[in-house]
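Dear colleague,

Please find below the structure I am handing over to you, together with its sequence. My findings follow directly after it.

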Amino acid sequence: MANDISLTGLTEILYQARDIVAAEPTGFMQGVMVNGGSEGVSAGGTVTSIRTTEPTLETSYTPGMTPPDAADITTSTESLTLNSYAGASIPLKGEQWLQLANTVGAEMALQQLFKQSIRKMRNTIEASIGTAAYQGASRAVGTAGTAPFSSNFEVLADLYKILEDNGTPMSDGMLSLVLNTAAGANLRKRSTLTNVGDAGTDATLRRGELLNIYNMSIRASAGVAAHTKGAGTGYLINNGNVAVGSTTLTVDGGTVNTTGIKAGDVISIADDPSAANYVVKTGLTATSGSVVINFPGLRGLIVNDKAVTVGNSYTGNVGFHKNAIELAMRPPAQPPGGDAGEEIGVLVDEETGFSFSARLYKGYGMNQIKLMAFYGVKVWKPEFVATLMG
C-alpha cells in the first residue's frame, strides 16, 4: 500500500524524533542517578534502600578475657515508588495520513508529533525531580525572592559549606548546581566568568556555557520549582532541649492561617547557635504537633520556647551530589502474550536515561500510538543536597 507505514518505519521515526527533540533545559535529569530499563513494571513498583545509624564511638579500651558487647546499630528502610505516570497518545486516521502524505509529508509530521510528546514527558519528569530535590534538601542559603548572582557568586561558597559540613564527597566530579534561567542569566553577566583572562576560557563569553564553579557542574533547568511558603506563624519549640542531629521538632502556640508549615518551607529557630536555615520534610497544619526537618537535622542545641520562623517564598535552585537523588523509570508491564497493541519498541534516551515504551494500537479506520512510562523520584541522601534560594 502506498500510504501504509510499517512498524519498522515507526521505530525509525521515533528514534529520529528522540535524537532531535528540542528543548527546555533538563539539568536535573543530567545530574541525578537515572535508573532506567526496558523491563516492564506495575504502577507502584518500588526500589528499596537502607539507612544505617552511625555506630557508637568507643572511647576506652580495657583488656579482658571476655570481649565487651557491641552497641546496637539501627537500620531503617526507605523506598522509591514508581507511582507517577507520563504518557502521550497520537491518533492516526487513514484520511489524515493520506492528506499529510500529499502535503508536508506524513513521516515528517509524525516525527514532530513524537518530538513534542517526548518533550512534554521530559519536562513533566524534570519538574518532578526539581520539586523532590528542593523539598528533600538538608538546609538552604540565599535570599528568598531574589535571583542569586546579581553582583557576585559568593553565595556559592555558603552552599558549598553546607555540603562540605554534611560530609558530601566534594572532589569526585559528581556535584551539580541546577539553576533556573534567571539565576543562569545573572551568572553569565559576571565579568569574572566572561573575562577570558580571569576565566581562562571564552566558553561563557562566546558560547554562553556555564562553567564549573567550586567543582560543581552548573546546569540550567526549566524544572526549577517556585515554592510558596506556608502561612503559619507564632510556633514555639515545645519539647525541652532539642539535641544536635534531631529531625523531629515538637511545637505549639501556632496560628495555622490555613496552610501552617509546609513541606519545602525553610525555617529558622531563634538563638540556634548555627543560625541555619532548615528545610521542612513533613509540615504541620495544626496549632501544635511535630514538624520534621530533613537529615542530618539540627546543627545546634535548641532550648524550649524558642520561636520557629517560616521563611519567605522562594525559587528552589539546588546543589547536590549525583548519588543523593535517583530517578527510576520503567515502561508499563504487559500481560503474558501482550495486549492489543503491537510493540514499536522500548526507547532509552542515551543522554538522559529517559525510558518509555511505544505501542501501536489498531482500531477501526484509525490507529493510535501510545508513549508510556512509570517513574518515581527519591532523595536518598538529604545531607548531600542543599537549596540555593532565589
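A residue counts as buried when its relative accessible area is under 20%, as exposed when it is over 50%, and as partly exposed in between. Leu-301 has a relative accessibility of 45% and is therefore classed as partly exposed. Please bear in mind that the model is a predicted one.

Leu-301 lies in the loop that links β13 (289-293) to β14 (307-310). Together with Val-244 and Val-303, Leu-301 makes up a nonpolar surface patch of about 240 Å².

The other finding concerns strand β15, which spans residues 314-321. Eight of its eight residues are buried, so the strand is largely enclosed by the rest of the structure.

The pairing of β15 may be set out strand by strand. With strand β6 (residues 175-179), β15 forms an antiparallel pair over four bridges; here Val-318 of β15 stands opposite Val-178. Strand β8 (residues 226-227) also pairs with β15 in the antiparallel sense, over two bridges, and Ala-226 has Thr-315 in β15 as its bridge partner. Strand β20 (residues 385-389) runs antiparallel to β15 and is joined to it by five bridges. Within that pairing, Asn-317 has Leu-388 in β20 as its bridge partner.

When you inspect these strands, a general point may be of use: side chains in a regular strand alternate between the two faces of the sheet.

With kind regards

Technical notes: Residues are numbered from 1 along each chain as its sequence is written. This is a predicted model: local features need pLDDT of at least 70, side-chain atom pairs count only at pLDDT 80 or more; totals for chains, interfaces and linings use all residues. Side-chain values use heavy atoms; hydrogens and water are left out. Buried means under 20% relative accessible area, exposed over 50%, partly exposed in between (1.4 Å probe, protein chains only). Two strands pair if DSSP finds at least two bridges between them. Patches are made of residues with over 30% relative accessible area and no salt bridge: like charges are joined within 9 Å, nonpolar side chains (Val, Leu, Ile, Met, Phe, Trp, Tyr) within 5 Å. Accessible areas come from the Shrake-Rupley method with a 1.4 Å probe; for residues, only the protein chains shown count as cover. A salt bridge is a side-chain nitrogen of Lys or Arg within 4 Å of a carboxyl oxygen of Asp or Glu.
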